[in-house]
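Here is a short briefing for a first look.

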Amino acid sequence: MFVMKLHGKPGQRHRSRSAGLLAAGAAAALVLAACSSSGSSASSGSGSSTTPITIGVSVSLSGDFSGDGLATKQGYETWAAFQNAHGGILGRKIVLDFLSDGSSPTQVITNYQKLITVNHVNFVVGPYSTLLTKPASAIANRYGYVMIEGIGGGPSVFSQGLKNVFDVSASAAFQLITFAKWLASTHQPEDIAYASMTDPFLQPMLDGARSYLTAHGFKSVVYKLYPLETTDYTPIASAIAASKAPVVVLGTMPPDGYAFVQDLIQDKFSPKVLIEASGPDQGAAFVKAVGASNTGGIMVPNTWYPGSTYYQNAQMVALYLKMFGGTADNISADVAEAFSTGQVLTQAVDHNKSTSNSALESYLHSDVTFSSVQGPVKFLADGENGAATPFVFQWQKGTLQDVLPAGVAKPVPIMAAKPAWGAGG
Amino acid sequence: MLVLQAIIDGILVGGFYALMAGGLTLVFGVMDIVNFAQGILVVLGAYLSYALYSHLNIDPFLSLLITIPVMFVVGIAVYWTMIKPIKQDRVIMSLLVMFAVGTVAEGILDLIFSSNLVEIHTSYVNSSVRLGSLVFPAIYLYAFAMSVVLLGGVYYLLYRTRFGRSLRASMQNPTAARLVGINTDWVSAFTLGIGVGLAAAGGMVFGLTNSFDAASSYDLISRLLAIVIFGGFGSLSGALIASIVMLVIQDLVAVVWSPTWGQTTFYLVLVLVLLLRPQGLLGRKAVRAQ
């Protein structure tokens with residue numbers, strides 16, 4: 001049985017802490033900035049062809065994000081090794097300058113300050129998580145540096161109004177976009193029931209799909225948000241069942257993802273289309289929780305998987321395995337997200353033939369489409385990837401299959417209507 | 001009809017919350033201890049049923065014949081080894097002791113079962129009974145019936161037996177109870193045993209209706225404490241009423257308005273009740289008067 005390797009719970013990846021903490025971090029950064037004697041400005045010009053291009057990045061090698069932080073570092077290292085083997089950038093060798101932030105929003109500010117004003121790196125790229133990307137991008141902006149990143153897709157990153165931050169991955173609002181586009185293109189407008197945990201990543205994910213589908217004539221008949229600590233989902237499931245909506249879209253984590261399936265079965269309500277943000281991706285645990293005969297047709301989105309045929313993905317997987325060992329199924333999506341960041345940086349700088357950050361920012365804002373291991377990348381004004389095309393997987397005959405988007409990798413045909421509960425499929 | 005369904009759901013789910021909260025309120029009534037470990041003990045009960053079902057294929061309801069006695073003994077052992085030896089500031093110190101018991105139990109459960117979510121999935125967990133457009137999930141019907149039987153049994157024990165009289169005497173005045181020859185240590189030990197035993201039953205239902213790991217105890221304990229405060233510390237019937245009121249309020253608000261406001265509304269009601277009646281619905285004074 002294929003088990004998707006997602007990159008942690010959405011809530012974990014996009015943690016946010018108190019505004020007070022951020023304010024304290026920002027204050028510390030201001031003090032540091034004031035004390036800094038380095039007259040700093042964004043690196044510019046093409047430089048000598050023999051001088052390496054230095055890229056600074058803060059990674060979380062300890063603390064809450066240490067696991068993902070290591071995967072992020074490995075992703076950048078894989079990209080640098082791959083690119084150096086293919087002529088580097090502008091013919092110059094890439095050197096990565098890593099600093100560890102201990103998963104701390106305060107330390108990440110200090111790190112980027114040091115990378116820019118002391119180490120004088122040519123470029124900076126993003127750290128792990130929305131929590132760290134937000135303050136990091138603000139610091140980069142202060143010094144005129146562009147921050148391309150792949151693992152900070154929470155709405156708070158884009159609501160800062162910064163022009164220097166660019167997310168190569170699917171941000172929260174785009175996680176369900178492939179599903180929404182498929183639904184809008186293959187179904188007549190119909191009723192949809194939505195429910196989501198009030199999570200800073202899950203809710204925007206649901207709202208992104210809702211906004212797209214509403215614009216295409218689909219009617220939202222149930223829209224329920226529930227807090228993280230909810231343990232009884234029966235009233236929400238009852239409301240969904242009572243609506244008889246043929247399409248149900250749920251912003252879930254695994255516990256509620258399992259519970260909703262169970263409650264909908266108890267309510268004897270089987271929607272034609274059911275997609276959950278997380279839960280069905282848990283492989284055997286999902287099957288055990290909801291029963292094998294009830295999994296058929298249930299869908300779940302994912303941003304990347306090892307078998308994808310997107311740009312340079314096969315090479316990335318092969319090189320990663322050569323460098324770090326393990327199996328393809330165990331490669332974290334963090335690796336792909338970091339690698340994508342490097343790919344976009346490479347394409348943009350090579351096009352500009354310059355290491356100027358201002359030229360880079362202008363080019364990234366110029367509606368150009370880039371290629372990455374996660375699919376196409378085209379930046380919106382706020383820095384989100386408007387061309388993001390996340391995958392959709394669906395349970396079919398006891399296996400989680402890649403069904404969307406069509407034409408990428410080798411997706412099996414999507415099961416357009418979910419079988420009734422207990423019917424397998 | 002959706003409103004009626006929400007009320008039914010609230011009553012049925014409230015029944016098994018009463019089972020989990022019953023142990024907490026009983027222990028407080030007799031021992032003046034707020035058992036902070038009750039949440040993890042419920043989860044322990046869920047894991048025991050899960051293990052018996054997964055490895056020995058014993059039906060979770062049948063497994064209670066094993067898990068309740070086991071948990072009863074655990075409760076007695078905790079009392080004799082950790083509560084009784086406390087000589088000074090027993091009320092405060094026992095709070096810390098039970099907090100420590102909970103923390104250690106969580107660590108051990110994490111070690112044994114890992115932090116992956118598990119769920120007890122039996123053949124009847126997805127079945128339900130339909131009456132017109134109303135749905136009665138079978139698992140909640142069974143759980144509610146079991147709660148009535150178990151809480152009724154505890155009520156009988158409290159008010160119709162010699163042990164119950166000893167227990168109530170210990171609740172009213174421990175010193176006087178000792179003077180008339182009641183062994184209050186054994187009464188306390190048995191009470192903790194009963195409280196933990198009820199957690200086994202509540203945990204089994206929790207495991208059938210929720211995916212869980214050791215950390216699930218945090219959500220549980222906060223709800224159980226709210227129920228016990230609302231119903232009145234020490235009152236079994238108060239816990240039952242409070243559980244049902246809490247779940248009905250939450251479910252009603254969830255369907256009529258938004259689930260986000262369900263708990264908030266309940267806590268607002270809780271504050272209002274406490275302003276008017278600080279001892280809760282059926283607080284200690286009322287219990288002692290029975």
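**Where the chains meet**

In this predicted model, 28 residues of chain A are in contact with 26 residues of chain B. The points below take the side of chain A first, then two topics within chain B.

*The side of chain A that touches chain B*

- Four elements of chain A each supply at least two residues of this side: β7 (219–226), α9 (234–243), α10 (254–266) and α11 (284–290).
- The helix α10(A) gives the most, with seven residues.
- By type, the residues of this side divide into 14 nonpolar, eight polar and six charged.

*Two packed helices in chain B*

- Two packed helices are described by the angle between their axes and the distance between the axes.
- In chain B, helix α9 (residues 216–231) and helix α11 (residues 262–276) pack at an angle of about 30°. Their axes are 10 Å apart.
- The crossing of α9(B) past α11(B) is left-handed.
- From α9(B), the contact is made by B:Ala226, B:Ile229 and B:Phe230. From α11(B), B:Tyr267, B:Leu270 and B:Val273 take part.
- The residues of this contact of α9(B) with α11(B) divide into six nonpolar, no polar and no charged.

*The buried side of α6(B)*

- Which residues of helix α6 (residues 162–172) of chain B are buried? They are B:Ser166, B:Leu167, B:Ser170 and B:Met171.

Note on methods. Residues numbered from 1 in each chain as written. Chains lettered and ligands numbered in written order. Predicted model: local features only at pLDDT ≥ 70, side-chain atom pairs only at ≥ 80, totals over all residues. Buried ≥ 20, exposed ≤ 12 C-beta atoms within 10 Å, placed from the backbone. Contact = placed C-beta atoms within 7 Å. Nonpolar A, V, L, I, M, F, W, Y, C, P; charged D, E, K, R; others polar. Axes fitted to C-alpha atoms, helices over the stretch in contact; angles between N-to-C directions. Left-handed = near helix turned anticlockwise from the far one by under 90°.
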